[in-house]
Amino acid sequence: MEQQSNMAESILQFKEGLAHLSHTLPTYAEKFNEFTEECFKEGAVSAKQKQLIALGISVKAQDEYCIIFHTKGCIDQGCTEQEIMETIAVSSAFGGGASISQGVTLVQSCINEFKPLN
């Protein structure tokens, strides 16, 4: 259970950091948030597919906060565990062992915490 609470705590820390950024650099934060929201809207590429892409990039970049955030985003968009793990496999084709290690540990822990999956 301790690891599960760490996932939710990491998302909370990330959101608190964004709130601090909004206070410190309000114009920058507003523009960044606008851009990000626009990027993740439904379009020719679905919001679900965009979360999977973001997760793959996060794993390749070894960005643990984004891995947690986008794994939850994938689950929230209705991704299955199979879709998420295939995304990890594709990311690993580019990122090698470092990507697969994040996928089979951190991503799997997030899946276990943030279920339900289809």
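Predicted model: local features only at pLDDT ≥ 70, side-chain atom pairs only at ≥ 80, totals over all residues.

Student: How many helices and strands does the chain have, and in what pattern do they follow one another?

Tutor: The chain holds 5 helices and 0 strands, and along the sequence they give the pattern α-α-α-α-α. The radius of gyration is 14 Å, close to the 13 Å that the globule rule gives for 118 residues, so the chain is as compact as a globular protein of that length. Along its principal axes the C-alpha trace spans about 40 × 40 × 30 Å.

Student: What share of the contacts with a separation of 6 or more joins residues 24 or more positions apart, and what share of the residues is buried?

Tutor: Of the contacts with a separation of 6 or more, 66% are accounted for by residues 24 or more positions apart. Buried residues make up 31% of the 118 residues in the chain, where buried means under 20% relative accessible area. The accessible surface comes to about 7100 Å², with 59% of it belonging to carbon and sulfur atoms.

Student: How do you know that the length of helix α3 is close to what is expected?

Tutor: Helix α3, residues 47-61, has 15 residues, and the expected span is 1.5 Å times one less than that number of residues. The helix reaches 21 Å from its first C-alpha to its last, which is close to the expected 21 Å. Just after α3, Q62 takes a positive phi of about 60 degrees.

Student: Which residues of α3 are buried, and what covers them?

Tutor: The buried residues of α3 are A47, K50, Q51, L52, A54, L55, G56, S58 and V59, and what covers them includes α2, α4 (64-76) and α5 (81-114).

Student: Why is the pair K48 and E83 called a salt bridge?

Tutor: The rule asks for a side-chain nitrogen of Lys or Arg within 4 Å of a carboxyl oxygen of Asp or Glu, and the closest N and O atoms of K48 and E83 are 3.0 Å apart, so the pair qualifies. K48 lies in helix α3 and E83 in helix α5, so the pair ties together parts that are 35 residues apart in sequence. K48, with a relative accessible area of 24%, is partly exposed, and E83, with 26%, is partly exposed as well.

Student: How many salt bridges does this rule give, and what separates K72 from D76?

Tutor: The count comes to 3 salt bridges. In one of them the side chains of K72 and D76 meet at 3.0 Å, N to O; being 4 residues apart in helix α4, they are separated by about one helical turn. In another, K41 pairs with E38, with the closest N and O atoms 3.1 Å apart.

Student: Why does D76 count as exposed, while K72 counts as partly exposed?

Tutor: Exposed requires over 50% relative accessible area, and partly exposed lies between that value and 20%. D76 has 52% and so counts as exposed, whereas K72, at 26%, counts as partly exposed.

Student: What makes L25, Y28 and F32 a patch?

Tutor: Nonpolar side chains are joined within 5 Å, provided that each residue has over 30% relative accessible area and no salt bridge. L25, Y28 and F32 form such a nonpolar patch on the surface, with about 310 Å² of accessible area together, and Y28 is found in helix α2, residues 26-39.

Note on methods. Residues numbered from 1 in each chain as written. Heavy atoms only, no water. Patch = residues over 30% accessible without salt bridge, like charges linked within 9 Å, V, L, I, M, F, W, Y side chains within 5 Å. Areas by Shrake-Rupley, 256 points an atom, 1.4 Å probe, with all protein chains shown as cover. Helix = DSSP H or I, 4+ residues; strand = E, 2+ residues; numbered from the N terminus. Buried < 20%, exposed > 50% of the residue type's maximum accessible area, 1.4 Å probe, protein only. Contact = heavy atoms within 4.5 Å. Rg over C-alpha atoms; globule rule 2.2 N^0.38 Å.
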